[in-house]
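Good morning, and thank you for coming. Please bring up the sequence and the structure, and I shall take you through several local features.

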Amino acid sequence: IWPGDSYHLALAYFQTGLGADAWKLFSGTFPHYMQYGPVPGDLGHPAGGTDFNDCSSTFCRTVVEGLFGFAPDRPNGRIRIAPQFPSDWNRASIRTPDFSLRFTGSTTAARYDLTLADPAAVEFIVPVHANRIARVTLDGRPARFTVRPGFGRSEIVVAVPATAAAAIEVAYAPGAPGAPVELSVVRGAPVVLETPGAKILEWRDPQAVLSAPRNVGDRLLATVASPAGHRLVQLLVERDRLRHWRLFKLHITDPVADAARAAESLASAPASATWHTVDLAPILNGDIRTIFKQEYLTPRAPTVSIRIATDGYSSWQAVLDPKKKVPVIELDRVPTLTGGDGLLRTAQGAAFTRPAEARNVAFASLWDNWPDAVTTAVGRAGEAVWFLVAGSTNPMQVRIANASLVLRYADGVEETVDLVPPFNYWSLTPQGGFDYDYKRDGFALPATPPTQVQLGKNCRAMVLNRRLRPGVVLESVTLRALSEEIIVGLLAVSVQNPAPAKR
């Protein structure tokens, strides 16, 4: 992730009150980039040069507004101070031309000393991991305050009249931080969300994770209803009259759905398989080697924005670098033909018609250069249908369906195979000279790369398949583009173990 984007995300976490998550993200980013570039201690990104402001400015803003919680509202004469220090810190300080803040703390007390360049009313929001508040003072005198629940801790709120300096001190009986609870659960199985020693008052379940939840003191009993994925449930709990929101981060698996999904396709084709290669000649509309030799001009909004360049490949900043060239796409490494039938054979045993020299692809795209969708007739039943697909995508289109393959049967039933990077669809060529790397990017990639075949320099194709409904004729296949800025192409379609065509 670009460091500037990482800092923006950390800032959003800090401002939401998710200080622990924010610090984890923030502290995992800046030490790396301070050592990554050619200048030691530089916060910039190597691609942006020393002191690249997109990174250094967001770093500074995240420290000031996020970690130290300084949020000025000068037009209205007020300032909010909501520091988000990690729970194990016992000191921190900052000084800028506008303010200074010094924090000292222990397991039973916290003190904040603030100075302002210009007087203003201040709203102090002090996080505490406590079971009971002993006292709160402002400049050494008892202060009026309110307590409200925060994430994993309580928050003391003190309103300070217009001032140029203030000292807030909070004494409390210590309590353990309400760290987020991470659980792995199975869809359809019972789950117990426990908050030992703290009474559950209410809960928030905006992602509809829980079915029929029941509150039993310090436990919430329910059944997992949400599909597989990472979900969040929030429980408002109370201990000794202090409240906080306890976060439960649930990783939901669905073995039944996984098995059904796996059964939809084949790992490989048997050596004894027979093939019907679909004639795509009626829909072929381009040459895969010219995918980035077009001018993609419409539709484009008549405004400045961060977008793919008119070549359909270059990112917004790459077009400014004369050293960055659009890759040359070639068909010079099509796999060796075997079996004497003139077909392209993949490592999975699939057989396809070899790409022709002129028109060899049916492109679909939301760019006006190509149709939004292309449809080929099939007219065969069989065990499975295989596809050879190649095209472009970009980092702004990952984890959403870039395109879909729609299978339409003779009885009107339709099935859809979504092309979603990085799970089953990768760009035909590395993006900006960088390709997926499991050592670097493995956390965001599927367990194994999508099945693919290298057809030539900078030209790989995805090898996809779908089991067919037994005995039902597959009438047609449609490739439909769904995402902006991408071009997807259908190179070949083959039916495995086809039934004889009906006369």
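Gly17 comes directly after helix H1, and its phi is positive, near 95°. Helices here are DSSP runs of type H or I with at least four residues, strands are runs of E with at least two, and both are numbered from the N terminus. A word on provenance: this is a predicted model, in which local features need pLDDT of at least 70 and side-chain atom pairs count only at pLDDT 80 or more, while totals for chains, interfaces and linings use all residues. Residues are numbered from 1 along each chain as its sequence is written, and side-chain values use heavy atoms, with hydrogens and water left out.

H1 itself covers residues 3–16, 14 residues in total, and spans 20 Å from its first C-alpha to its last, close to the 20 Å expected at 1.5 Å a residue. That expected span is 1.5 Å times one less than the number of residues. Which residues of H1 are buried? They are Pro3, Gly4, Ser6, Tyr7, Ala10, Leu11 and Phe14, where buried means under 20% relative accessible area, exposed means over 50%, and partly exposed lies in between, with a 1.4 Å probe and protein chains only. Viewed down the axis of H1, these buried residues fall within an arc of 155°, so they line one face of the helix. The arc is taken from the directions that run from the helix axis to the C-beta atoms.

Helix H2, residues 19–27, has Gly19, Asp21, Ala22 and Phe26 as its buried residues. They cover an arc of only 160° around the axis, which puts them on the same side of H2. Ala20 and Lys24, on the other side of H2, are exposed.

I turn to the aromatic residues. Rings of Phe, Tyr and Trp, the last by its six-membered ring, are paired if their centres lie within 6.5 Å; planes under 30 degrees apart count as stacked, over 60 as edge-to-face, and the rest as tilted. By this rule the count is 19 aromatic pairs. One of them joins Phe26 and Phe30, a tilted pair at 5.0 Å centre to centre with 50° between the planes. Phe26 and Phe30 are both buried. A further tilted pair is Phe292 with Tyr313, at 5.0 Å centre to centre and 55° between the planes. This pair links distant parts of the chain: Phe292 and Tyr313 are 21 residues apart, each in the loop between strand E17 (275–277) and strand E18 (343–345). Phe292 and Tyr313 are likewise both buried. One aromatic cluster includes Tyr7, Phe14, Trp23, Phe26 and Phe30 among its members.

Two arginines are placed over rings. A charge counts as sitting over a ring if NZ of Lys or CZ of Arg is within 6 Å of the ring centre and within 35 degrees of the ring normal. Arg204 lies over the face of Trp245, 3.8 Å from the ring centre, and the charged end of Arg469 sits over the ring of Tyr409, 4.8 Å from its centre.

Next, backbone geometry. In general, most residues other than glycine have a negative phi, and most peptide bonds are trans. Arg241, not a glycine, has a positive phi of about 75°; Arg241 is in the loop between strand E15 (229–239) and strand E16 (242–253). Glu485, also not a glycine, has a positive phi of about 70°, and Glu485 lies in the loop between strand E27 (474–481) and strand E28 (487–496). Are these two residues buried or exposed? Arg241 is exposed, with a relative accessible area of 78%, whereas Glu485 is buried, at 16%. Cis peptide bonds join Thr298 to Pro299, with omega about -5°, and Pro421 to Pro422, with omega about 5°.

A polar atom of the Ser365 side chain lies 2.7 Å from the backbone oxygen of Ile486. Leaving aside residues up to four places away in sequence, Ser365 touches Trp370, Pro371, Asp372, Ala481, Ile486 and Ile487, contact being heavy atoms within 4.5 Å.

Terms used. A polar contact is a pair of N or O atoms within 3.5 Å; within protein, one must be able to donate a hydrogen and the other to accept it, and residues adjacent in sequence count only if both atoms are side-chain atoms.
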